[in-house]
Amino acid sequence: MEDLYKEGKVRAIGVANFQPDRLIDLIINNEIVPAINQIETHPFHQQTETQKFLQENNVQIESWGPFAEGKNNMFQNELLISIAQKYDKSVARVILRWLTQRGVIVIPKSLRKERIVENFNIFDFELSAEDMEAIVSLDTKKSLFFDHRDPEMVKWLGNRKLDV
Ligand SMILES: NC(=O)c1ccc[n+]([C@@H]2O[C@H](COP(=O)([O-])OP(=O)(O)OC[C@H]3O[C@@H](n4cnc5c(N)ncnc54)[C@H](OP(=O)(O)O)[C@@H]3O)[C@@H](O)[C@H]2O)c1
């Protein structure tokens, strides 16, 4: 990847699911600092400390699964619904706005055109500091999927054939 970067064939190098220990190992043993690290980030797993670490090391945080794929009844959460009603926006927009206001890049996925349009539409309102803070209370500091630091999981992921 560094060779391609130096040849000008790629403009940036990004990584995914690098926890701080792995990321710093990568940084100190290579020349190019990754531009971005894509990690599970949503109201139930907020990654606040990891975000700070990434900022300190000039790596942009990007959220995969900003809705946690709807797990934990994300779209039915009472606090998120009450904030959404206050701004007359959907829960989805509140979540994406909250992440964006935190400086987190979001990549939500939807198979429905109207939702893709809805998910882009988050730049016509701003959450108050009070509402930003209220959402912090939802943090469980745990993945809703799996632990990327579990050796068995790392082995399983490493043995999968990439379908790219
Ligand atoms: N790097 C990694 O390890 C990793 C891991 C997982 C995912 N990702 C990436 O992250 C991106 C998003 O991932 P994801 O699909 O896992 O999670 P997600 O965006 O959190 O959730 C997608 C789910 O939310 C629903 N949804 C989307 N917009 C909605 C809206 N406005 N209102 C209500 N429901 C809505 C979708 O349903 P409908 O389709 O029916 O709208 C779908 O069920 C993808 O690009 C994926 O490739 C990366």
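Predicted model: local features only at pLDDT ≥ 70, side-chain atom pairs only at ≥ 80, totals over all residues.

Let me begin with Arg97, which sits in helix H5, residues 91–101; helices here are DSSP runs of H or I with at least four residues, strands are runs of E with at least two, and both are numbered from the N terminus. Residues are numbered from 1 along each chain as its sequence is written.

So, is Arg97 buried or exposed? Arg97 counts as buried, because it has 24 C-beta neighbours inside 10 Å; the term buried asks for 20 or more other C-beta atoms within 10 Å of a residue's own, exposed means 12 or fewer, partly exposed lies in between, and the C-beta atoms are placed from the backbone. Leaving aside neighbours within four places in sequence, Arg97 is in contact with Ile122, Phe125 and Leu127, where contact means that the C-beta atoms, placed from the backbone, lie within 7 Å. Pro151, by comparison, is 54 residues from Arg97 in sequence and 34 Å away in space, C-alpha to C-alpha.

After H5 comes Gly103, whose phi is positive, near 85 degrees.

The largest nonpolar core has 23 residues, and those with the most contacts inside it are Val94, Ile95, Leu96, Trp98 and Leu99; such a core is a set of buried Ala, Val, Leu, Ile, Met, Phe, Trp, Tyr and Cys residues joined through C-beta atoms within 7 Å. Helix H4 (78–87) and H5 are the elements that give two or more residues to this core, and the largest share, seven residues, comes from H5.

Next, the sheet. Four strands form an open sheet in the order S1-S2-S3-S4, with parallel pairing, and two strands are taken to pair if DSSP finds at least two bridges between them. Strand S1 (14–16) and strand S4 (105–106) stand at the edges with a single partner strand each, so one side of each is left without a neighbour in the sheet. Strand S3, residues 60–64, pairs with S4 in the parallel sense over two bridges, and the bridge partner of Glu62 in S4 is Ile105.

Now the ligand. Which residues are closest to it? The ligand is surrounded by 22 residues, the closest being Trp64, Phe67, Ala92, Lys109 and Ser110, where a residue counts as near if its C-beta atom, placed from the backbone, lies within 6 Å. Helix H6, residues 113–120, provides the largest share of this shell, three residues.

Finally, the chain as a whole has eight helices and four strands, and buried residues make up 24% of its 164 residues.

Key:
Contact = placed C-beta atoms within 7 Å.
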